[in-house]
Amino acid sequence: IRRATSRIEVTADLQSLFLFRTDSDFDRTPPVYDENGQTVGAFATLFRPRVIWCVLDNLRIQYEVELGLNFWSKNNPNEQSTLAADLFLLKHREIFGEGELARGRLGFKIGYSYFRDPTGLFLAHWIGNAQLWGVAPGWGRVGLFVGQIPDQVYEGIVVTENNFKRDLWVFGANLQADLGAWVRLSAAVTALLDTHLVGQARKVLCPSLRLGVERPRWSGYLDLAFQAGQLDGQALGGGSETLIAWAAQAGGGVRLDRRGRWELGVNVVALSPDDAYPGNGSEHSFLYSGKSRSATLLLTEDELRDWYDNL
């Protein structure tokens, strides 16, 4: 471990947002009960500071907290009761340690952090996870990871009231490599072991890859993901279903000026659907993270802020 002068780096994001949508249910037929009308809207403020403590040159601790999304008409800064519905929202997003060993040839990261597979179509969430990687000459960066996704099953604070029987596990391996000067490949094999519901375990294997091209005047990408697995207790009569599903997204952009201030882009995303017979032993709907690279703000996650109303 190399000696260095310890330092702290602080950054922050502040957003005040306005949202207004009319005819929010996509149906212009007047409802029988229409006290609040069919429009939705809000003013809201979000503050996200992050602190990075550089303990050594090759050892860092990062903490990120999110104050909001707080709605002007709902969340009250004068509220003192911790059980009140109008209390300011506070989320502890990330707390992890990371570093490098062997002169940068090995690296690690452990704690709570934002984790995603190469496409983001399967996993793109804040979860507890541990990662270990090595730099392989001629191959790029090869890594292993394991994480746990929080579920709704109660587990106590005392360690004797906690176990690994009813958890959501994700684990696997990934690769990042440069295929020439302007082509980059990211690939992973991710396994999901979900036993949080008794008798309805989900065991899924998801290989995925992302191929990106970056040129001075244009860029493009192609994401592919495939899922195969078994869903226990999902078929009619309590039997198992076989999962075979896929997802794909692609896009590109052309910079219209040399400074990159104007860009024209296009993208598409597709998820495999199930058939018309639920519970028939075959499942083809993709287990989707809800996060895509699509530019459509209405049907996917808002590029500025997720309003938690995605279709």
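**Charged pairs and ring pairs in a predicted model**

Let me begin with Lys 91, which is partly exposed, having a relative accessible area of 23%. Please keep in mind that what you see above is a predicted model. Side chains of opposite charge can pair when their charged atoms come close. Lys 91 does this with Glu 66, and in their salt bridge the closest N and O atoms are 3.6 Å apart. Because Lys 91 belongs to strand 4 (residues 90–101) and Glu 66 to strand 3 (residues 59–71), the pair ties together parts that are 25 residues apart in sequence. Is Glu 66 buried or exposed? Its relative accessibility is 0%, and since buried means under 20%, Glu 66 counts as buried.

Arg 48 lies in strand 2 (residues 40–56) and Asp 13 in strand 1 (residues 7–21), so here the parts tied together are 35 residues apart in sequence. Arg 48 counts as buried at 15% relative accessibility, whereas Asp 13, at 30%, counts as partly exposed. Another salt bridge joins Glu 9 and Arg 7, at 3.2 Å from N to O, and the count for the model comes to 17 salt bridges.

Now I turn to the aromatic rings, for which the count comes to five pairs. How are the rings of Phe 18 and Phe 43 placed? Their centres are 4.8 Å apart and their planes stand at 40°, so the pair is tilted. Phe 18 lies in strand 1 and Phe 43 in strand 2, so this pair ties together parts that are 25 residues apart in sequence. Phe 18 counts as exposed, at 54% relative accessibility, while Phe 43 is partly exposed, with a relative accessible area of 42%. The rings of Tyr 114 and Trp 126 have centres 5.0 Å apart and planes at 65°, so that pair is edge-to-face. It links Tyr 114 in strand 5 (residues 106–116) with Trp 126 in strand 6 (residues 124–136), 12 residues apart. Phe 18 and Phe 43 also form one aromatic cluster together with Trp 72.

Finally, charges and rings meet as well: Arg 141 lies over the face of Trp 133, at 4.2 Å from the ring centre, and the charged end of Arg 215 sits over the ring of Trp 182, 4.7 Å from its centre.

Key: Residues numbered from 1 in each chain as written. Predicted model: local features only at pLDDT ≥ 70, side-chain atom pairs only at ≥ 80, totals over all residues. Heavy atoms only, no water. Salt bridge = Lys/Arg side-chain N within 4 Å of Asp/Glu carboxyl O. Helix = DSSP H or I, 4+ residues; strand = E, 2+ residues; numbered from the N terminus. Buried < 20%, exposed > 50% of the residue type's maximum accessible area, 1.4 Å probe, protein only. Phe/Tyr/Trp six-rings, centres within 6.5 Å; stacked < 30°, edge-to-face > 60°. Lys NZ or Arg CZ within 6 Å of the ring centre and 35° of its normal.
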